[in-house]
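Please look over the chain below before reading on.

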Amino acid sequence: MRRIALLFACVCCFVAMFAQNDYRQRRITMNDGLTANAVRNIVQDKHGYIWFGTDNGLCRYDGRNVLPYRIPELGMNQYVSSLIADGDGLYVGTEKGVFFLSFERRRFEKLPADLNSTTSSMCIDKEGNLWISTLKQGVWRYMPYTRQIKHYDDFKTSGDVVSQVFADNSNQIWTVANSGPVFVTRLNRLQDRFEPVMLDCEGGYNSLCMTQTRDGRIWLGTWENGLMLLHPDGKLERKIDPETTKIGWHIHALYQRQDDEICIGCDDGIISYNPKSGEWYRMDDSRFVYAMLGDTEGGFWIGTFYGGVSYLSPVGKRFEDD
């Protein structure tokens, strides 16, 4: 509790407000201790610490200082491609598989598997299983209590390249891909294999990310076709069309805020989309947004490919210059 209180007190020193086109940002970059300005992942652990996965290593932020963590087995290449916090530890995806950082033992342990390619994403289902998508080896399921791992070799048509694996509110497991003829699959639990989802659409809508909003609807962030709503009958409905809006190409991340608006992280920055009214606006002037996180204190974190991390505070003032 002291750690959470400390973090909350520190981040509240950053003052900002969510307001359409009316806020300034506080940034954390290599000048502040980040190991790289390319930040692809942001998570918060149970103690309140914020973790950044960068192109040159893992970093922990305590509200004041950035502390780098090195994985000895990786040597000079400390690239972190995915992150997920789980209880007393942190799963860290790299170009050589997945490592688990135990907060108690303070050391990294590689998962017991032949998984040795870049992990693109991770999620945890309601049974506590860890699902891992990769860029060369399809999808894996890791059961931490038994330390058993299974490889799903169902993605040959996409070259075993999977952009994201996603567990929805009903514990269905999905994948999306940015290459190949099949860009959405779902786990058939009876046969324990991933099967293509039959979609009612013309052409391909290759995707990098998927999310589910609190109303149960499934959304896709595509590479060239903007934001898509996936209906239960398989119909795809475009909600943000980059050809019309001139914004929204190359969507890397989706996040639903507490006010139910969807934040769309893309090469153009962050678009805030209201799924009820269909209205949208560009809420952030960052470029190449790869990660977003709403923390437990109400703050909002943005990871970018070139500009490090931006933090937006729930406190009702704007950021002040140092």
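The secondary structure of the chain comes to two helices and 28 strands, where helices (H or I, at least four residues) and strands (E, at least two) are DSSP runs, numbered from the N terminus. This is a predicted model, in which local features need pLDDT of at least 70 and side-chain atom pairs count only at pLDDT 80 or more, whereas totals for chains, interfaces and linings use all residues. Residues are numbered from 1 along each chain as its sequence is written, and side-chain values use heavy atoms, with hydrogens and water left out.

Of the 322 residues in the chain, 54% are buried; buried means under 20% relative accessible area, exposed over 50%, and partly exposed in between, with a 1.4 Å probe and protein chains only. The chain exposes about 15000 Å², and carbon and sulfur atoms supply 47% of that area; accessible areas come from the Shrake-Rupley method with a 1.4 Å probe, and for residues only the protein chains shown count as cover. Among contacts between residues at least 6 apart in sequence, 45% join residues at least 24 apart, a contact being heavy atoms within 4.5 Å.

Four strands in the order 6-7-8-9 make an open sheet with antiparallel pairing, and two strands are said to pair if DSSP finds at least two bridges between them. Strand 6 (80-86) and strand 9 (107-110) stand at the edges, each with a single partner strand, so one side of each is left without a neighbour in the sheet. From one strand to the next the twist averages 25 degrees, taken from axes that are lines fitted to C-alpha atoms (for helices over the stretch in contact), with angles running from 0 to 180 degrees between N-to-C directions.

| Strands | Bridges | Facing residues |
|---|---|---|
| Strand 6 and strand 7 | six bridges | I84 and Y91 |
| Strand 7 and strand 8 | six bridges | T94 and G97 |
| Strand 8 and strand 9 | four bridges | S102 and R107 |

Strand 7 (residues 89-94) is mostly covered, with six of its six residues buried. In a regular strand the side chains alternate between the two faces of the sheet. In strand 7, G89, Y91 and G93 point one way, L90, V92 and T94 point the other way, and all are buried. The hairpin of strand 6 and strand 7 has two residues between the strands, and G87 there takes a positive phi near 60 degrees; strand 7 and strand 8 likewise form a hairpin with two residues between them.

Which residues does T94 touch, not counting residues up to four places away in sequence? They are I71, L74, Y79, S81, F99, S117, T118 and T119. T94 counts as buried because its relative accessibility is 0%.

Through two residues, a hairpin joins strand 23 to strand 24. Strand 24 is also joined to strand 25 (residues 280-284), again antiparallel, by four bridges, and here I270 stands opposite D284. The hairpin of strand 24 and strand 25 has six residues between them, and G278 in the turn has a positive phi of about 80 degrees.

**The largest pocket**

About 1400 Å³ of space lies in the largest pocket. On a 1 Å grid over the protein atoms alone, a pocket is an open set of points with protein on both sides within 12 Å along at least five of seven lines, whereas a cavity is a set of points where a 1.4 Å probe fits but cannot get out; lining residues have an atom within 4 Å of a point. Grid points are joined across faces, edges and corners, and a volume is the space filled by probe spheres set on the points.

The lining has 43 residues, of which N41, S121, M122, Q164 and A253 lie nearest the centre of the pocket. Among the elements that give two or more residues to this lining are strand 2 (39-44), strand 14 (164-167) and strand 22 (251-256). Strand 10 supplies the largest share, six residues.
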